[in-house]
Each structure stands twice: as structure tokens, then as C-alpha cells.
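Hi there,

Here is the structure I promised to pass on. Have a look, and then read on for what turned up in it.

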Amino acid sequence: MASTSTRRIQKELGDLMNSPPEGIQVTPDEDNFQIWKIIITGPPNTPYHKGKFQLSADFSKDYPFKPPVLIFKTKMYHPNIDSDGNLCIGLLKTENWKPATKMSGVLQAIYNLIETPNPDDPLVSSIAEQYTTDRKGFDKRAAEYTSKYAH
Amino acid sequence: MSAQKNEGEGQPQPRVIDENTDLSTLTDQEIMKLMEGMDHQDSQMDKPLISTPVPLSVIRQEYEKGSTQILKKLDWLAENGWDQIWRARGDGDCFYRSFTLAYLLRILHSSNSQLEANLSFENIQKSLPLMEQCGFDKDLYEEFLDPLLSLIRGFDNGDDEKTSNEYGIVQTLQNPETSNCIVVALRLITSSYIRLHSETFSPFLLSPITFLPLSTDEFCRSEVEPCGKEADHAQIMALSESLNIGIKIAYLDRSDIGDETNVINWVDFGKDTTENAKPLTLLYRPGHYDVVTKDVLPQI
């Protein structure tokens, strides 16, 4: 019997594959469609431009009542993403998660976070500080990471 | 503050704080400790989402050493026939789970279940355009609403096991998927109603932590739509008005005892809470809601 969880994941996957949002590409794991591979293309006018950043999305059986777990697989120099690929974004926190939030909205929010970092709620405070006080140095470093890891 | 005197004397060691504790008596240290413990509510997770009824005397035992006001209120409930408690799990969704059970029991015990089911069905249908107006995704809210609507349709057929008696209803609502879907659907109905009646509700939309006013959108996003967020007056009022159903909540706290005809403080929500309208009846203890009913004898 298809559960709410599997029906919902399949439907969202179908929608995202049929009409992918700008710069975002989603493919399910071959053996398990509850794990997605997501590739975000770095937004223009950012040090991430043209980089290919891979993420994994892992849906528990409690989805959509619990948020999916998203992890960056590609190293990034970004105040809200740590070296293990964890990302800090309000709408994915368990206490804020709304079951009616769609994955297209989640991915759009992550894209926006890459485009516009949020140094006020950082995961890596040293990067956040550099972002605020030395934007040039930050841009240079982030671009280095992009060309080294994301091509 | 006089309420503290009853048990505040000579109590050097920390007391046990649970759903029976009057929140107004908490010290700052106790609040800090509770906040720390919020991530570790595993003990709650072993309890059923909603239980078959326990006698009110079980609740009374928990208060035997507690305040006399609460005992008087419990005794008044018992004397007046409110002798069954259907416990909801204390996971922040207890109001919505209690609401669901009480809502379905109300249809079950109606003298004309089919008619009542049809009326309820129609009332819920009326909330669909509101959700659409608020920009919620149609496929999503229909999916969340489906378990509740199909249960209500079950009364129409009369032979659906899930809704043929109290036990069937409780058992169905103990299924996490069914129950969680319904909780989300009720949260979306509540949220849309608050959003579309912003002017009425905005003076009451406060953060439960800071007590500072929140915008309608902030309130709905942070206090209504996510699972696990307790319902307070605004949410209860919105759901009751949206589904056109009266709700009476008995407040089991240390507030002053009312007159002899109503020792416990009942707070009414919705247009019609007279006995004829058969309002839903819930029991509130600080931070927690359960269903309270008078025992209904099976119809022969």
C-alpha cells in the first residue's frame, strides 16, 4: 500500500523532474527513491558561478511530518554550510518544519541561500565574519573552492 | 500567588513538574530546566497518540497530594457525570488530536449519525476554498484532509468498522499516519482561517515564549503550521469558527473556584456551546489537552 510518505515523495519528484527550477537538477537514487541526488548550479554574480554543487536529500519514513535531511556533498566556502556539508536553514529545522512545505520551495530556499549568504545565523562563524568584514577576501576564497571542488 | 502556599512550604528538594503543574507557579530555574529537557521527551513517545477512556478517578489520584482547588474541580466534574478522560499524547499536537477524537465521537453519538456526518463533511468542505485562497497547494491539503473525510464518510455507510464504535475510532486514530495527516489538515484549516480574519485575530497573536506580538504571517508560520506547536486561544477559536463547531474547555488549573453550579472554569469557543449543540468537551491542564466526556451508554 502506498503510504502518504511514498506518494508524496513520488509526486514531488515527478514535478521537479518534469519542470526543474532554474539551476536545480534532481535525480532519485537508482535503488531507493527516498534518497535524491541534487545538483545546484552556482548562481551568476556570485563566487559560486557555474560550479556544480551536489547535495543529497534523505527522506525518512516520517516525511512529510518530519523534514528531509539535506547534506552538501561538494565542499563549499559559505557561512551557512560547514565542512561536513551540513547546512543551516530555518525551514528545515525540525521545530519549524511545516508538512505542507514542498521540496521545490526547499530547494529554491537553498539556492537563494547560496546566492545570498546569511551571516547573522552562521554555521561557520569565521567565514561569516570574513563575509561581513572582508568581502573581497571572502569572494576570492569561495571562488577558489568552487574551481577546486565544484567542476 | 496565594495558591503557592498549599505546597510551597518546607520543600527544599526539586519537585516533580509534569502536565499537572500549574505553570504560574514555576520558578525561573524550573523553566530553564524544562527548556533544556525539551529535546528529550522520549517518555511521551511511548504513549499512544490517543487512548481509550480512563475513569476520571485515575486523574484524581495524580492530584491527591496537590492543591485543594484542583481536587474540588475534579470532584465537581465527577459529580456532574464528566467521568471519562481520553488521553492524548503530550507531543504538542494534543489539542488537534483531542479535537479529532471528540469531533468523531460527536458524530458517533449523535441521534442521527448520517445527518451529522453529512453536515460535518459539508463544513469541512467549506474550508477548502479558504486554504486555496491562502496559497496552500491543493494536492497537498487534499491529501492531508483525505483520512478525516473518509472517516466521516464511513458514518454514512454505517458498516465501516473504523467508525462503527468508540473502539474503532480510537484504534484508527492511533495510527500515526492517519492521525498526523489529520493534525496537519486541521493546522492548515486553522492557519487559513486566522490569515483570512487577520483583523479579528491580530491583537491576540503573541509569541508564547516572549509574549511579544507577531504578525499574522509569522504567527501562522511559527505557531500554527508546524507540527508539535501547542494550540492556544487563537488557534482554538479559529478552528472552532472555521468548522462551525462549539468547543467547551474545562480548565483544570488553580484559578479561583466558580460558584456552586460551575466549580470548574469552562471556556467556550464558537457560536453555539449550549447543550443542544453538543459542543466538543476538552479538559485542559497547563500545557496539555485531553478529551473529557460523560459516559454514553450504547444505543439499543
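Let me start with a question: why is strand E6 (residues 288-293) of chain B largely enclosed by the rest of the structure? Please keep in mind that this is a predicted model. The reason lies in burial: six of the six residues of E6(B) are buried, so the strand is largely enclosed. Both of its faces are covered. On one side the buried residues are B:His288, B:Asp290 and B:Val292, and on the other they are B:Tyr289, B:Val291 and B:Thr293.

Next, the neighbours of this strand. Strand E2 (residues 84-86) of chain B runs antiparallel to E6(B), and three bridges join the two. If you want to find this pairing on screen, look for B:Trp86, whose bridge partner in E6(B) is B:Val291. Strand E5 (residues 280-285) of chain B also pairs with E6(B) in the antiparallel sense, over four bridges. There, B:Tyr284 stands opposite B:Tyr289. E5(B) and E6(B) form a hairpin with two residues between them, and B:Gly287 in that turn has a positive phi of about 85°.

Now to where the chains meet. Here, 15 residues of chain B are in contact with twelve residues of chain A. Helix H8 (138-157) and helix H10 (176-196) of chain B each supply at least two residues of the side that touches chain A. The largest share of that side, five residues, comes from H10(B). By class, the side of chain B that touches chain A has eight nonpolar, five charged and two polar residues.

Note on methods: Residues numbered from 1 in each chain as written. Chains lettered and ligands numbered in written order. Predicted model: local features only at pLDDT ≥ 70, side-chain atom pairs only at ≥ 80, totals over all residues. Contact = placed C-beta atoms within 7 Å. Nonpolar A, V, L, I, M, F, W, Y, C, P; charged D, E, K, R; others polar. Buried ≥ 20, exposed ≤ 12 C-beta atoms within 10 Å, placed from the backbone. Pairing = 2+ DSSP bridges.
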